[in-house]
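Me: Please show me the sequence and the model. I would then like to go through it by question and answer.

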Amino acid sequence: GKVTAGLVNCCLSLALVGFWYAAARRRYGEVPFPRFILVAVGGMALVYGRMNFDVTAAAASAMAAFHFFEKDRAVLAGALFGFSILVRTDSLLLLPLFLNRREYLMKLAAGAAPFLLLLLSANWYRFGSPFLDGHSQDPAIAIEPFRGGIPGLLLSPGKGLLYYAPLCILALFHQEDRRLWVPFVLSLVFHGMLHDWTGGTGWGPRFLFTSLPFLLIPLCRRGAAGRLFLPAALAGLAVALPALWSNPSHIEQTAGADLFDDPTRQAVIWEFTSSPLFLSFGRLIRGAPDIAGVYAADQAGIPRWTGAALQFLAGLSLAAAGIWSLRRRGSPAGAGS
């Protein structure tokens, strides 16, 4: 079941990257492909593509909605945006992406309506009210402003965007369209006011993930951010590598309790020595990687490195297929796709 979920999430990650690339090309025309891949990795897509969290599905469907909305297909965009909200209710914070063309808002609403009705009906059936989703009873998401959530999501060693996705910090200073950065600001403010703004285990500021691809779109443009782009992009690539070797959630769980107010959890968030990012660097190239192929090899009685090599080969093949598809669509023959 976990392997199947992992494969589904991997395919959703490829969908996110594909629509992200298409949206960037529609906006800027020529988008250098190597540059785009660095941007996507810098947005934590590579890491969350291998982790079983719902943020990848929400981000992929929201990016597809944005792409089709820009192509004047508002009903389809609305359906995809509605699905994103069905997956994660906080996808509503991405609504500013669609507010520049008010004449299409009714079509957008019509496309989203079935998914919103499904969400409200499920809430009513399960919790007795359309507006209760099961999270409202969770003290971890109680609204408590001024508890350090906003600076923590940006700067803390255990969850800060500065460390896990430095390219996003650079992107904040290279924005031209407020639709692309307002969702990030809304997400930062809203999630920063939660009691447990960290989102539990994951990799960095998980709650911000769905807004990051949109924030990063301007950096896809050739020459954007000048000489600062490459160092920030390479830093983003470097911090992603240890998360592909180890299990980030397991490292975070072993570093401290998964209770926000526990002292060990606070150490995970605020102390460099307990940060999952820095702990994962310590486990890089220390024994076999913590991935499914290694465990499958143990069960099959074959060398662990054989299992790891087979999984990496499968991953590279899937990535190569996705890159080939993107490059083909980026050619003049596929420019209208």
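**Fold and helix packing**

Me: Among contacts in the protein chain with a separation of 6 or more, what share comes from residues 24 or more positions apart?

Reply: This is a predicted model, in which local features need pLDDT of at least 70, side-chain atom pairs count only at pLDDT 80 or more, and totals for chains, interfaces and linings use all residues. Residues are numbered from 1 along each chain as its sequence is written, and side-chain values use heavy atoms, without hydrogens and water. A contact means heavy atoms within 4.5 Å. For residues 24 or more positions apart, the share of those contacts is 75%.

Me: What radius of gyration does the protein chain have, and what would a compact globule with 337 residues have?

Reply: The C-alpha atoms fill a box of roughly 60 × 50 × 45 Å along the principal axes. The radius of gyration is taken over C-alpha atoms, and the globule rule is 2.2 Å times the number of residues to the power 0.38. For 337 residues the rule gives a value near 20 Å, and the protein chain agrees with it at 20 Å.

Me: What percentage of the 337 residues in the protein chain is buried?

Reply: Buried means under 20% relative accessible area, exposed means over 50%, and partly exposed is in between (1.4 Å probe, protein chains only). Of the 337 residues, the buried ones make up 47%.

Me: Which residues of H2 are buried?

Reply: Helix H2 covers residues 33-42 and is mostly covered, with eight of its 10 residues buried. Those buried in H2 are Phe33, Arg35, Phe36, Leu38, Val39, Ala40, Val41 and Gly42.

Me: Are H1 and H2 parallel or oblique to each other?

Reply: Axes are lines fitted to C-alpha atoms, for helices over the stretch in contact, and angles run from 0 to 180 degrees between N-to-C directions. Angles under 35 degrees count as roughly parallel, over 145 as roughly antiparallel, 65 to 115 as roughly perpendicular and the rest as oblique. H1 and H2 pack at about 130°, with their axes 11 Å apart. The two helices are therefore oblique.

Me: Is the crossing of H1 and H4 left-handed or right-handed?

Reply: The axes of H1 and H4 come within 8 Å and cross at roughly 30°, which makes the two helices roughly parallel. A crossing is left-handed if the near helix is turned anticlockwise from the far one by less than a right angle, and right-handed if clockwise. The way H1 passes H4 is left-handed.

Me: How do the residues of the contact of H5 with H6 divide into nonpolar, polar and charged?

Reply: Helix H5 (residues 74-87) and helix H6 (residues 105-127) pack at about 30°, with axes 6 Å apart. The contact includes Ala74, Val75 and Phe83 of H5 and Lys107, Leu108 and Phe115 of H6. Its residues divide into 13 nonpolar, three polar and one charged.

Me: Is Asp72 buried or partly exposed?

Reply: Asp72 is in the loop between helix H4 (55-70) and H5. Its phi is near 70°, a positive value in a residue other than glycine. Most residues other than glycine have a negative phi. With a relative accessibility of 41%, Asp72 counts as partly exposed.

Me: Is Ala225 buried or exposed?

Reply: Ala225 is in the loop between helix H11 (212-216) and helix H12 (229-245), and its phi is near 70°. Its relative accessible area is 11%, so Ala225 is buried.

Me: Which residues does Ala308 contact, leaving aside neighbours within four places in sequence?

Reply: Ala308 lies in helix H17 (residues 304-330). It is buried, with a relative accessible area of 1%. Beyond those neighbours, Ala308 is in contact with Pro289, Ile291, Gly293 and Val294.

How values were computed. Helices (H or I, at least four residues) and strands (E, at least two) are DSSP runs, numbered from the N terminus. Ala, Val, Leu, Ile, Met, Phe, Trp, Tyr, Cys and Pro count as nonpolar, Asp, Glu, Lys and Arg as charged, and the others, Gly among them, as polar.
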